[in-house]
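Please keep the structure open while you go through them.

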Amino acid sequence: MATYFDVHPENPQPRTISKVADDLRAGALVAYPTDSCFALGCQLGNRDGLARIRSIRNLDDRHHFTLVCQDFAQLGQFVHLDNNVFRLIKAATPGRYTFILPATKEVPRQLLHPKKKTVGVRIPDHAVVQALLAELGEPLLSSTLLLPGEDEPLTQGWEIKERLDHVVDAVLDSGDCGTEPTSVIDFSSGEAEIVRRGAGDTSRFE
């Protein structure tokens, strides 16, 4: 059964955040809030967690997983950025965007798009996930909590606990965080290609 953690949306309790970070280091798969909607997350090298996300979401090997990063310095360890792309992304973060970029060797091979060798990265503007990332000290391997056959992500912590009780290890809930996933911008060719128009304003990338 999944452990349910209820935290304050702006000042999450440090003891709870520390416990969830410890669980992640021990191999847990966690449902957690972001600035766009709930997501599934595990530690970067957690192969079992990755397999469980694929299973829960029924994903194929072409799916772009996302590294949810605390800040721009951390993001820069995992993707290649030229100066133009650097400026565009820096101006849009933190925020409700996922950027697809060529991955560095720091990214485990099983997370890469098999042909493009790219990965998704984002820096969320949400106090709870920022606190968790600070405590963890590394990015979360992540994917939107959108179940197969459903049009919108799950939004209520209690419902996530109820429906995924035996397939996730913890649910971190801080109240409503919206239903609209991030906007996805693909920079893998060097130019901005809008793959999905979502919660983030895409006009700056047109």
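1. In this predicted model, strand β6 (residues 118–122) is mostly covered, since 5 of its 5 residues are buried. Both faces of the strand are covered: T118, G120 and R122 are buried on one side, while V119 and V121 are buried on the other. As background, side chains in a regular strand alternate between the two faces of the sheet.

2. Which strands pair with β6, and in what sense? Strand β4 runs parallel to β6 and is joined to it by 3 bridges, with V68 standing opposite R122 of β6. Strand β5 (residues 97–102) pairs with β6 in the antiparallel sense over 4 bridges, and here L101 stands opposite V119.

3. These strands belong to an open sheet of 10 strands with mixed pairing, whose order is β1-β8-β2-β3-β7-β4-β6-β5-β9-β10. Because β1 (3–6) and β10 (193–196) stand at the edges and each has a single partner strand, one side of each is left without a neighbour in the sheet. From one strand to the next, the twist averages 30 degrees.

4. Elsewhere in the sheet, β2 (residues 30–32) and β8 (residues 170–173) run parallel and are joined by 2 bridges; the bridge partner of A31 in β8 is V171.

5. Helices also pack on the sheet. Helix α2 (residues 47–57) touches β3 (39–43) and β7 (140–144), and its direction makes about 160 degrees with that of β3. Helix α5 (residues 127–136) lies across β2, β4 (66–68), β7 and β8, and runs at about 155 degrees to β7.

Definitions and conventions
Residues are numbered from 1 along each chain as its sequence is written. This is a predicted model: local features need pLDDT of at least 70, side-chain atom pairs count only at pLDDT 80 or more; totals for chains, interfaces and linings use all residues. Side-chain values use heavy atoms; hydrogens and water are left out. Two strands pair if DSSP finds at least two bridges between them. Axes are lines fitted to C-alpha atoms, for helices over the stretch in contact, and angles run from 0 to 180 degrees between N-to-C directions. Contact means heavy atoms within 4.5 Å. Buried means under 20% relative accessible area, exposed over 50%, partly exposed in between (1.4 Å probe, protein chains only).
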